[in-house]
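Reader: I am new to this structure and would like to know how its labels were reached. Please show me what you are looking at.

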Amino acid sequence: MEIHAELVDERDSCWEDDSPRFRVYLHSHPGPGSATSTYDLTGADALQAIDWAQSHVSAGGTYAVALVWERPGPDGPQRGLVWLVGIDGNTDPATDSERNALRRMAERATTPVVVPPADRVD
């Protein structure tokens with residue numbers, strides 16, 4: 001996947017949320033068919049959510065972190081996910097993007113993301 005960067009005017013956003021909800025998926029092993037435990041985290045930023053996931057995933061397991069986003073729906077609020085790290089580990093990959101995401105998730109099982117000490121969850 002190629003990364004694209006675009007210069008923007010930071011004033012184009014109309015809202016902010018300083019108390020995000022993260023959804024963390026912990027998979028028992030890489031790929032489809034994995035047992036999954038799912039948690040919602042609040043009171044953390046993205047680095048802390050990643051650190052929490054890395055410290056709670058089982059040996060050889062993978063994790064994914066998403067931002068939980070709510071929007072109005074016809075029958076009340078509807079929740080959705082914006083993937084920040086990885087994807088649903090039980091996805092049967094149909095695209096190169098999904099295959100690459102699952103590969104990177106498996107690589108993180110042996111080479112974790114380095115989180116600075118100030119952001120580590122104890």
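Predicted model: local features only at pLDDT ≥ 70, side-chain atom pairs only at ≥ 80, totals over all residues.

Reader: How many aromatic pairs does the structure hold?

Author: The structure holds two aromatic pairs. In one of them, the rings of Y25 and W83 have their centres 5.3 Å apart.

Reader: Why is the pair of Y25 and W83 called tilted?

Author: Their planes stand at 50°.

Reader: What makes Y25 buried?

Author: Its relative accessible area is 14%, and buried means under 20%. W83, at 31%, is partly exposed, because that label covers values between the 20% and 50% cut-offs.

Reader: Why is the pair of Y39 and W52 called edge-to-face?

Author: The planes of Y39 and W52 are at 65°, and over 60 degrees counts as edge-to-face. The ring centres of Y39 and W52 lie 5.2 Å apart, within the 6.5 Å that a pair requires. Y39 belongs to strand 2 and W52 to helix 1, 13 residues apart.

Reader: Are Y39 and W52 buried or partly exposed?

Author: Y39 has 38% relative accessibility and counts as partly exposed. W52 has 16% and counts as buried, because the cut-off for buried is under 20%.

Reader: How do you know that D122 is exposed?

Author: D122 has a relative accessible area of 96%, and exposed means over 50%. D122 is found in the segment after helix 2.

Technical notes: Residues numbered from 1 in each chain as written. Heavy atoms only, no water. Phe/Tyr/Trp six-rings, centres within 6.5 Å; stacked < 30°, edge-to-face > 60°. Buried < 20%, exposed > 50% of the residue type's maximum accessible area, 1.4 Å probe, protein only. Helix = DSSP H or I, 4+ residues; strand = E, 2+ residues; numbered from the N terminus.
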